[in-house]
Amino acid sequence: MRFDAAVLRSYEDPFAVEEVMLNAGPGDGEVLVRIAGCGMCRTDLAVRRSAGRSPLPAVLGHEGAGVVVEAGGSGTGPIPGDHVVLSFDSCGHCRNCLGAAPAYCDKFAALNLFGGRSENAARFTDAAGGGLAPRWFGQSSFAAYAMVPARNAVRVDPSLPLELLGPLGCGFLTGAGAVLNSFGAGPGDTVAVFGAGAVGLAAVMAATAAGAVAVAVDRHPERLALAEKFGATALHAASGDLPGRIRRLTDGAARYALDTTGSAPLINDALRSLRPRGHLGLVARLHAELPLETGTLDQGRRISHICEGDAVPALMIPRLTGLWQAGRFPFDQLIRTYPLTDVNEAEADCEAGRVVKPVLIP
């Protein structure tokens, strides 16, 4: 079959929307999904800075949602007609996958970041027959269709706005999962969130939904306004004595902090804002050494990296859609949609901070 996709051919050039070819149907354990919408995540855009580690040309996109049109083999899970949200890939049989921690799959990098599954790679090509890097994050969903492992596809209620649900598979799942899974935050807890982008604002919404007190730190006034709308107290990142302000706002100190910025000064501020035995989670990928200031890890404070919100997508995505239906996780207010043909405009708006979460509509 032939269909349109946004192809990135070099690290410097814009995306090109062009015809691609899928030369075979789904194999055992796979489903073919007609994409209704796909979120654009900063992980997609970071490919441009990956120093050649991500093979090109490729179809990116890893926050897809759509309708299953064909299922391969038997017992693959979703069946034609099912509405599904697509999440990250995992092997399903390593120790971490079996331990309900698929985000820490032994093969996570190989399956998701550096070209995806290599088997049957030649069946996905451009119109001239040239090879495309197979299955970015198990999806390559900047496209009208995506062939995905059935274990990545999570069924959702068909009454939900399918074209908006894709970011629940990664960005919103990461922020909300950090609060609900990694921290287990609840009533009486305090959560300081550094960076009010898609991941950070999802964390703010989850903290509020869980009954915790949220503080949001960012440098964009419009994003701080959104954080306040979702129930957080907002602080500008340039505020003097940021840790002291957070401690005063959280009745002494925060129990949890989440950094989405990768900024060493803000990470140190986050640690200083924590109470004894507090936990700082990092979700951003660090690109330089992280110098920690003296005393920041005293009194049992700890720091850890959180991948994909420590989530099992098949459990977490229905939880988030349920919170949305209850009016407690209004993620749709962070989304602006673009036709797939405007992929480069969406990228520019995302990089400039003009939009929190772009979603491409094929």
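## Briefing: a sheet, its helices and its side-chain pairs

The structure holds zero disulfides, where a disulfide is a pair of cysteine sulfur atoms within 2.5 Å. This is a predicted model, in which local features need pLDDT of at least 70, side-chain atom pairs count only at pLDDT 80 or more, and totals for chains, interfaces and linings use all residues. Residues are numbered from 1 along each chain as its sequence is written, and side-chain values use heavy atoms, with hydrogens and water left out. Helices (H or I, at least four residues) and strands (E, at least two) are DSSP runs, numbered from the N terminus.

**Cysteines**

- The closest cysteine sulfur to that of Cys38 belongs to Cys41 and lies 9.6 Å away, too far for a bond.
- Cys38 counts as buried, at 1% relative accessibility. Buried means under 20% relative accessible area, exposed over 50%, and partly exposed in between (1.4 Å probe, protein chains only).
- Cys105 is in no disulfide either; its nearest cysteine sulfur, in Cys91, is 3.6 Å away.
- Cys105 is buried, with a relative accessible area of 6%.

**The six-stranded sheet**

- Strands of a sheet pair through backbone hydrogen bonds, either parallel or antiparallel.
- Here, six strands form an open sheet with parallel pairing, in the order E12-E11-E10-E13-E14-E15. Two strands pair if DSSP finds at least two bridges between them.
- E12 and strand E15 (302-305) are the edge strands, and each pairs on one side only.
- From one strand to the next, the twist averages 20 degrees. Axes are lines fitted to C-alpha atoms, for helices over the stretch in contact, and angles run from 0 to 180 degrees between N-to-C directions.
- Five bridges join strand E13 (residues 254-259) to strand E14 (residues 274-282), in the parallel sense.
- Asp259 has Leu282 of E14 as its bridge partner.

**Helices on the sheet**

- H5 lies across strand E10 (190-194), E11 and E13. H5 runs at about 165 degrees to E10.
- H6 packs on the sheet and touches E11 and E12. The direction of H6 makes about 175 degrees with that of E11. Contact means heavy atoms within 4.5 Å.

**The two sides of helix H6**

- Which residues of helix H6 (residues 221-229) are buried? They are Arg223, Leu224, Leu226 and Ala227.
- These residues cover an arc of only 155 degrees around the axis, which puts them on the same side of H6. The arc is that of the directions from the helix axis to the C-beta atoms.
- An α-helix has 3.6 residues a turn, so residues three or four places apart point the same way.
- On the other side of H6, Pro221 and Lys229 are exposed.
- The cover over the buried residues of H6 includes helix H5 (198-209), strand E11 (213-218) and strand E12 (233-236).
- Gly231 follows H6, and its phi is positive, near 105 degrees.

**Salt bridges**

- Side chains of opposite charge can pair when their charged atoms come close.
- The count comes to 15 salt bridges. A salt bridge is a side-chain nitrogen of Lys or Arg within 4 Å of a carboxyl oxygen of Asp or Glu.
- Glu30 and Arg123 form one of them, with the closest N and O atoms 2.5 Å apart.
- Glu30 lies in strand E3 (residues 30-39) and Arg123 in the loop between helix H3 (108-113) and strand E7 (124-126), so the pair ties together parts that are 93 residues apart in sequence.
- Glu30 counts as buried, at 10% relative accessibility. Arg123 counts as buried too, at 12%.
- Arg49 forms a salt bridge with Glu351, and their closest N and O atoms are 3.6 Å apart.
- Arg49 sits in the loop between helix H1 (42-45) and strand E4 (58-59), and Glu351 in helix H10 (residues 343-352), so the pair ties together parts that are 302 residues apart in sequence.
- Arg49 is exposed, at 55% relative accessibility, and Glu351 is partly exposed, at 37%.
- Arg9, Glu18 and Asp126 are linked in a network of salt bridges.

**Strand E17 and its partners**

- Four of the five residues of strand E17 (residues 357-361) are buried, so the strand is mostly covered.
- E3 and E17 run antiparallel and are joined by two bridges. Cys38 stands opposite Leu360 in E17.
- Strand E16 (residues 335-339) pairs with E17 in the parallel sense, over five bridges. Thr337 has Val359 of E17 as its bridge partner.
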